[in-house]
Amino acid sequence: MFSKTLIAAVLAVSAQGFAPTPRSAVTVRQQTSLGYAVKLISEEHEIDATVEVADDVYIVDAAEEEGVDLPYSCKAGACSTCAGKVLEGTVDQSEQTFLEDEQMDEGWVLSCVALP
């Protein structure tokens with residue numbers, strides 16, 4: 001069962017490697033009428049917004065619907081353009097094919113295929 005509280009860092013990183021930096025963050029906090037309130041923070045992309053995300057909607061899609069332009073490319077979980085890092089809580093990203101188990105164990109997530 002997924003927790004209704006999630007904190008994640010969304011980091012735009014290249015496919016060349018994953019090096020955590022404190023420049024970006026996403027926080028999913030309380031239950032809303034849609035399911036989750038997700039706080040998106042990225043110094044690199046000048047993002048500081050909270051969006052509502054239903055439990056069956058990808059984080060990047062919900063952000064886009066609310067006018068927040070998160071970085072993405074393939075929207076299929078096959079690259080790292082939308083990579084982020086979960087700091088607390090869990091997401092379902094079972095459709096992704098890019099990240100290795102070790103990277104997911106470290107908290108990396110692809111927001112284009114991540115469900116809260």
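The questions below concern a predicted model and proceed from the overall fold to individual residues.

Q: What makes up the secondary structure of the protein, and which pattern does the protein follow along the sequence?
A: The secondary structure comes to two helices and six strands. Read along the sequence, these elements follow the pattern β-β-β-β-α-β-α-β.

Q: How many of the residues count as buried, and what does that word require?
A: Buried requires a relative accessible area under 20%. Of the 116 residues of the protein, 47% count as buried.

Q: What is the largest nonpolar core, and which residues have the most contacts inside it?
A: The largest nonpolar core has 24 residues. Val38, Leu40, Ile59, Val68 and Leu70 are those with the most contacts inside it. Two or more residues of this core come from each of strand E3 (35-42), strand E4 (47-54), helix H1 (59-65), strand E5 (83-88) and strand E6 (108-110). In soluble globular proteins, nonpolar side chains tend to be buried together.

Q: Why is Trp108 called buried?
A: The relative accessible area of Trp108 is 1%. The limit for a buried residue is under 20%, so Trp108 is classed as buried. Trp108 lies in strand E6. The C-alpha atom of Trp108 is separated by 9.9 Å from that of Ser80, and the two residues are 28 residues apart along the chain.

Q: Is Tyr36 buried or exposed, and what value decides the matter?
A: Tyr36, whose place is in strand E3, has a relative accessibility of 3%. Because this value falls under the 20% limit, Tyr36 counts as buried. Along the chain, Tyr36 and Val51 are 15 residues apart, and their C-alpha atoms are separated by 8.2 Å.

Q: Why is the contact between Asp48 and Lys39 called a salt bridge?
A: The criterion is a side-chain nitrogen of Lys or Arg within 4 Å of a carboxyl oxygen of Asp or Glu. Asp48 counts as exposed at 57% relative accessibility, whereas Lys39 is partly exposed at 23%.

Q: How many salt bridges does the structure hold, and which residues are linked in a network?
A: The structure holds three salt bridges. Asp61, Glu64 and Lys75 are linked in a network of them.

Q: Why do Lys75 and Glu64 count as partly exposed?
A: Partly exposed covers the range between the limits of under 20% for buried and over 50% for exposed. The relative accessible area is 33% for Lys75 and 36% for Glu64, so both residues are partly exposed.

Q: Why is Glu46 called exposed, and where is Glu46 found?
A: Glu46 has a relative accessibility of 74%. Exposed requires over 50%, so Glu46 counts as exposed. Glu46 is found in the loop between E3 and E4.

Q: What makes up the negative surface patch, and why can Glu106 belong to a patch?
A: The negative surface patch is formed by Glu100, Asp101, Glu102, Asp105 and Glu106. A patch residue needs over 30% relative accessible area and no salt bridge. At 41%, Glu106 counts as partly exposed and therefore passes the area limit. The place of Glu106 is in the loop between helix H2 (101-105) and E6.

Note on methods. Residues numbered from 1 in each chain as written. Predicted model: local features only at pLDDT ≥ 70, side-chain atom pairs only at ≥ 80, totals over all residues. Heavy atoms only, no water. Core = buried A, V, L, I, M, F, W, Y, C linked by side-chain atoms within 4.5 Å. Buried < 20%, exposed > 50% of the residue type's maximum accessible area, 1.4 Å probe, protein only. Helix = DSSP H or I, 4+ residues; strand = E, 2+ residues; numbered from the N terminus. Patch = residues over 30% accessible without salt bridge, like charges linked within 9 Å, V, L, I, M, F, W, Y side chains within 5 Å. Areas by Shrake-Rupley, 256 points an atom, 1.4 Å probe, with all protein chains shown as cover. Lys, Arg positive; Asp, Glu negative; His and termini not counted. Charge placed at Lys NZ, Arg CZ, Asp CG, Glu CD.
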